Amino acid sequence: NTVITKTEDDMLDLKKSYEDAVENRNYAGVRLIDRNDELCILYEKANVQESILKQGMTMLNQRGEEIRALTAKLTDLQRQIELCQKVLPEVRDMEENLATVLLELDDERLRAEVLEDDITDPSNTGRWRKVGKA
């Protein structure tokens with residue numbers, strides 16, 4: 001009887017051990033599934049961040065290109081400003097020269113008008129001369 005009792009006790013111990021092992025296995029499986037889900041979520045987050053990083057780098061490169069283009073345009077405009085500033089005194093001199101030439105033109109027109117009036121006036125004795133007998 002003692003052998004049977006001892007064997008039954010060993011069987012109960014083995015059964016309890018087995019149930020503990022099954023429970024531990026199930027608990028480990030649940031934890032593994034949970035960790036796997038967490039890992040998937042982390043991979044998704046990493047992929048989203050990588051995508052955002054790529055978009056950011058693309059935008060940064062575009063802004064860099066825009067800055068280079070605008071810098072070139074700014075340099076060109078600064079050169080144009082320098083040229084205009086160099087030409088500005090010449091323009092002022094030309095404006096003064098133009099004003100002088102316009103005054104001279106008005107004087108010459110007035111003089112031409114006076115001469116035209118003198119030539120077309122029949123009472124002007126200076127407009128004709130006697131031709132001698134040849």
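Helix α1 covers residues 2–120, and its 119 residues reach 166 Å from the first C-alpha to the last, close to the 177 Å expected at 1.5 Å a residue. Keep in mind that this is a predicted model. As for the rest of the secondary structure, there isn't any to list: the protein chain has 1 helix and 0 strands.

The helix does have a kink worth a look. At Val87, α1 bends by about 35°, and a proline, Pro89, follows within four residues.

### Overall shape

Now zoom out to the whole chain. Its C-alpha atoms fill a box of roughly 185 × 25 × 25 Å along the principal axes. The radius of gyration is 55 Å, while a compact globule of 134 residues would come in near 14 Å.

What about the surface? Buried residues make up 1% of the 134 residues in the protein chain. The accessible surface comes to about 13100 Å², and carbon and sulfur atoms account for 59% of that.

On the charge side, the protein chain carries 20 positive and 29 negative side chains. The centres of those two sets lie 5 Å apart.

Leu110 counts as exposed because its relative accessibility is 54%, and exposed means over 50%.

Each of these residues also has a C-alpha to C-alpha distance to a partner elsewhere in the sequence:

| Pair | Apart in sequence | Apart in space, C-alpha to C-alpha |
|---|---|---|
| Glu82 and Leu39 | 43 residues | 63 Å |
| Leu110 and Gly56 | 54 residues | 76 Å |

Terms used. Residues numbered from 1 in each chain as written. Predicted model: local features only at pLDDT ≥ 70, side-chain atom pairs only at ≥ 80, totals over all residues. Heavy atoms only, no water. Helix = DSSP H or I, 4+ residues; strand = E, 2+ residues; numbered from the N terminus. Expected span 1.5 Å × (residues − 1). Bend = angle between axes of the 7 residues up to and from the residue. Rg over C-alpha atoms; globule rule 2.2 N^0.38 Å. Buried < 20%, exposed > 50% of the residue type's maximum accessible area, 1.4 Å probe, protein only. Areas by Shrake-Rupley, 256 points an atom, 1.4 Å probe, with all protein chains shown as cover. Lys, Arg positive; Asp, Glu negative; His and termini not counted. Charge placed at Lys NZ, Arg CZ, Asp CG, Glu CD.
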